Each structure stands twice: as C-alpha cells, then as structure tokens.
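This report describes the structure shown below, beginning with a single residue and moving from there to the sheet, the core and the charged pairs.

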Amino acid sequence: AGAGVRAKTGSLDADRCLAGYVDAPGGQAVFVLMANHYTVGGARIAEAQDRIVRAVASGGRADLDDDVE
C-alpha cells in the first residue's frame, strides 16, 4: 500500500488477511482486513485490501463497488 504502512499478510485456501498500522491524517490507524471463502482470485482480494489501506492513509473511503459480486 505504500509508505507509512507496516503490515503483515496471512493466507490459507480462500482466506486472506492483512493487519497492521498506517499513518493517517488524524494519526496512526490500526487495521485488520479479513476475506473468507471468497470466490474470486486472490489477487483481486489483495488489490481490494490495498485500496482500503490507501483510503485509510488518505483519510478517504475506498470505492469497492466494482469488487462486489
């Protein structure tokens, strides 16, 4: 997700997690993202998680409408 992010990934079959800290406009934020039993490719999940972390870092919101199936 870029500078100011310290995170750890974890994955199993159809489970992908990302947890860590991100420098956000209001200070440091903690995040935990978990995707379970997904039916799309793991790369799409990782891309969505990356967008969420970037949104937290910028103080905005992640537009994930294209990822909802």
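This is a predicted model: local features need pLDDT of at least 70, side-chain atom pairs count only at pLDDT 80 or more; totals for chains, interfaces and linings use all residues.

Valine 30 belongs to strand S3, and its bridge partner is tyrosine 21. When residues up to four places away in sequence are not counted, valine 30 touches Gly20 and Tyr21. Alanine 7 is 23 residues away from valine 30 in sequence, and the C-alpha to C-alpha distance between these two residues is 9.6 Å.

## Overall architecture

The secondary structure of the protein chain comprises 1 helix and 3 strands, and from the N terminus on these elements follow the order β-β-β-α. The protein chain has 69 residues, of which 22% count as buried, and it exposes about 4700 Å², with carbon and sulfur atoms supplying 53% of that area. Among contacts between residues at least 6 apart in sequence, 28% join residues that are at least 24 apart.

## The sheet and the helix

The 3 strands form an open sheet in the order S1-S2-S3, with antiparallel pairing. S1 and S3 stand at the edges and have a single partner strand each, so one side of each is left without a neighbour in the sheet. From one strand to the next, the twist averages 10°. Helix H1 packs on this sheet and touches S1, S2 and S3, while its direction makes about 20° with that of S2.

How many bridges join S2 and S3? The two strands pair in the antiparallel sense over 10 bridges, and they form a hairpin with 2 residues between them. Besides the pairing of tyrosine 21 with valine 30, the bridges include one between cysteine 17 and methionine 34, the latter in S3.

## The nonpolar core and a buried glutamine

The largest nonpolar core has 6 residues, namely Leu18, Val22, Ala29, Phe31, Leu33 and Val53. S2 and S3 each supply at least two residues of this core, and the largest share, 3 residues, comes from S3. In soluble globular proteins, nonpolar side chains tend to be buried together.

Is glutamine 49 buried or exposed? Glutamine 49, which lies in helix H1 (residues 42-58), is buried, with a relative accessible area of 7%, a classification that follows because the cut-off for burial is under 20%. Leaving aside neighbours within four places in sequence, glutamine 49 is in contact with Arg16, Cys17, Leu18, Leu33, Met34 and Ala35. Two of the residues on that contact list, Leu18 and Leu33, are also members of the largest nonpolar core, and Cys17 and Met34, likewise in contact with glutamine 49, are bridge partners of each other.

## Salt bridges

A search of the whole structure finds 2 salt bridges. Side chains of opposite charge can pair when their charged atoms come close. One of the salt bridges joins aspartate 23 and arginine 6, whose closest N and O atoms are 3.4 Å apart. Aspartate 23 lies in strand S2 (residues 15-24) and arginine 6 in strand S1 (residues 5-12), so the pair ties together parts that are 17 residues apart in sequence. Aspartate 23 is partly exposed, with a relative accessible area of 41%, and arginine 6 is also partly exposed, at 39%.

Another salt bridge brings together the side chains of aspartate 50 and arginine 54, with an N to O distance of 2.2 Å. These two residues are separated by about one helical turn, because they stand 4 residues apart in helix H1. Aspartate 50 is partly exposed, with a relative accessible area of 22%, and arginine 54 is partly exposed with a value of 39%.

Conventions: Residues are numbered from 1 along each chain as its sequence is written. Side-chain values use heavy atoms; hydrogens and water are left out. Buried means under 20% relative accessible area, exposed over 50%, partly exposed in between (1.4 Å probe, protein chains only). Contact means heavy atoms within 4.5 Å. A salt bridge is a side-chain nitrogen of Lys or Arg within 4 Å of a carboxyl oxygen of Asp or Glu. A nonpolar core is a set of buried Ala, Val, Leu, Ile, Met, Phe, Trp, Tyr and Cys residues joined through side-chain atoms within 4.5 Å. Two strands pair if DSSP finds at least two bridges between them. Axes are lines fitted to C-alpha atoms, for helices over the stretch in contact, and angles run from 0 to 180 degrees between N-to-C directions. Accessible areas come from the Shrake-Rupley method with a 1.4 Å probe; for residues, only the protein chains shown count as cover.
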